[in-house]
Amino acid sequence: AAVDPVEMPATPKPATRSRLPVAPEELAITSPIPQDLTPLFGRDEELQALRHLIQQQRVVSVVGPGGVGKTRLAMESARAWQARSASPVCVLELSASTPGGPMAEVLARALGVTLPGHRDSLAELADLLRHRSVLLLVDNCEHRLDEVASLVETLMRQTELVRVLATSRAPLRTPGEHVYRLEPLGLPADTADAPTALRAGAVSL
């Protein structure tokens with residue numbers, strides 16, 4: 001006699017999970033801007049100019065030689081932007097002593113999220129930030145210039161409100177980058193009188 005085939009119950013499909021490490025609306029960016037205990041001397045004009053640029057441009061790079069004060073100026077500018085916009089600042093410090101790894105991992109650490117291990121983790125982070133207003137302060141870019149440039153290009157293409165403030169000894173050379181060149185503090189002329197000399201930035205410092 002013919003045997004009717006046994007109908008096996010359908011295997012339930014697993015629930016679809018978000019590819020993002022955390023829901024965008026749940027992301028709490030708590031990367032504090034390092035606090036300096038001393039005032040910023042001799043950079044009032046530069047601070048005002050940089051604050052204006054951050055409001056007008058999505059990518060601003062403060063470029064100058066080592067030790068000229070790029071980091072300090074950028075930190076103060078980011079702090080002012082945060083106070084004015086009420087949006088968070090996420091700090092990525094790329095000094096030679098900081099942990100390495102792909103830039104996606106560096107950004108994830110700064111954002112406080114854990115990457116799930118997909119191959120295109122940077123695209124996932126861009127999805128996470130797509131509609132978020134946030135300023136990424138990327139310090140000492142000269143240590144990983146090409147990688148930072150790639151990161152910035154991806155974020156500019158795939159997000160709407162992310163801004164980048166970078167410090168570097170060389171420009172990133174990304175589309176839309178606005179380079180702000182920072183020169184050493186000025187010294188007074190040899191013939192300057194005492195009041196004029198004291199107004200010079202290097203003397204104030």
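This is a predicted model: local features need pLDDT of at least 70, side-chain atom pairs count only at pLDDT 80 or more; totals for chains, interfaces and linings use all residues.

Me: How many helices and strands does the secondary structure of the chain come to?

Reply: Along the sequence, the elements follow the pattern α-β-α-β-α-α-β-α-β-β-α-α. Counted by type, the secondary structure comes to seven helices and five strands.

Me: What percentage of the residues in the chain is buried?

Reply: Of the contacts with a separation of 6 or more, 76% join residues 24 or more positions apart. The accessible surface is about 12100 Å², and carbon and sulfur atoms hold 52% of that area. Among the 205 residues of the chain, the buried share is 40%.

Me: Which elements do the buried residues of α5 pack against?

Reply: Helix α5 covers residues 145-158 and reaches 20 Å from its first C-alpha to its last, close to the 20 Å expected at 1.5 Å a residue. Its buried residues are V148, A149, L151, V152, T154, L155 and M156. These residues pack against β1, β2, α3, α4, β3 and β4.

Me: Which elements do the buried residues of α3 pack against?

Reply: Helix α3 is mostly covered, with seven of its nine residues buried. The buried residues are M103, A104, V106, L107, A108, A110 and L111. After α3 comes G112, whose phi is positive, near 80°. The buried residues of the helix pack against β2, α4, β3 and α5.

Me: Which backbone oxygen does the side chain of K70 reach?

Reply: K70 lies in helix α2, which comprises residues 70-85. K70 is buried yet has no salt bridge, and the nearest side chain of opposite charge, E142, is 5.7 Å away; a salt bridge would require a nitrogen-to-oxygen distance within 4 Å. Leaving out residues up to four places away in sequence, K70 touches V62, V63, G64, P65, T167, S168, R169 and L182. At 3.1 Å, the side chain of K70 reaches the backbone oxygen of G64.

Me: With which residue does R43 form a salt bridge?

Reply: A search of the whole structure finds six salt bridges. In one of them, which involves R43, the closest N and O atoms are 3.1 Å apart. The partner of R43 is E46.

Me: Why are R72 and E76 separated by about one helical turn, and what is the N to O distance of their salt bridge?

Reply: R72 and E76 are four residues apart in helix α2, and therefore about one helical turn separates them. An α-helix has 3.6 residues a turn, so residues three or four places apart point the same way. Both R72 and E76 are buried. Their side chains meet in a salt bridge with an N to O distance of 3.5 Å.

Me: How many residues apart in sequence are the parts that R169 and E142 tie together?

Reply: The side chains of R169 and E142 meet in a salt bridge of 3.7 Å, N to O. R169 lies in the loop between β4 and β5, whereas E142 lies in the loop between β3 and α5, so the pair ties together parts of the chain that are 27 residues apart in sequence.

Me: What is the distance in space, C-alpha to C-alpha, between R130 and T159?

Reply: R130 has its place in the loop between α4 and β3 and is partly exposed, with a relative accessible area of 28%. Its side chain is joined to that of D127 by a polar contact of 2.4 Å. Leaving aside neighbours within four places in sequence, R130 is in contact with Q158, T159, E160 and L161. R130 and T159 are 29 residues apart in sequence, and their C-alpha to C-alpha distance is 4.0 Å.

Conventions: Residues are numbered from 1 along each chain as its sequence is written. Side-chain values use heavy atoms; hydrogens and water are left out. Helices (H or I, at least four residues) and strands (E, at least two) are DSSP runs, numbered from the N terminus. Buried means under 20% relative accessible area, exposed over 50%, partly exposed in between (1.4 Å probe, protein chains only). Lys and Arg count as positive and Asp and Glu as negative; His and the chain ends are not counted. A polar contact is a pair of N or O atoms within 3.5 Å; within protein, one must be able to donate a hydrogen and the other to accept it, and residues adjacent in sequence count only if both atoms are side-chain atoms. Contact means heavy atoms within 4.5 Å. The expected span of a helix is 1.5 Å times one less than its number of residues. Accessible areas come from the Shrake-Rupley method with a 1.4 Å probe; for residues, only the protein chains shown count as cover.
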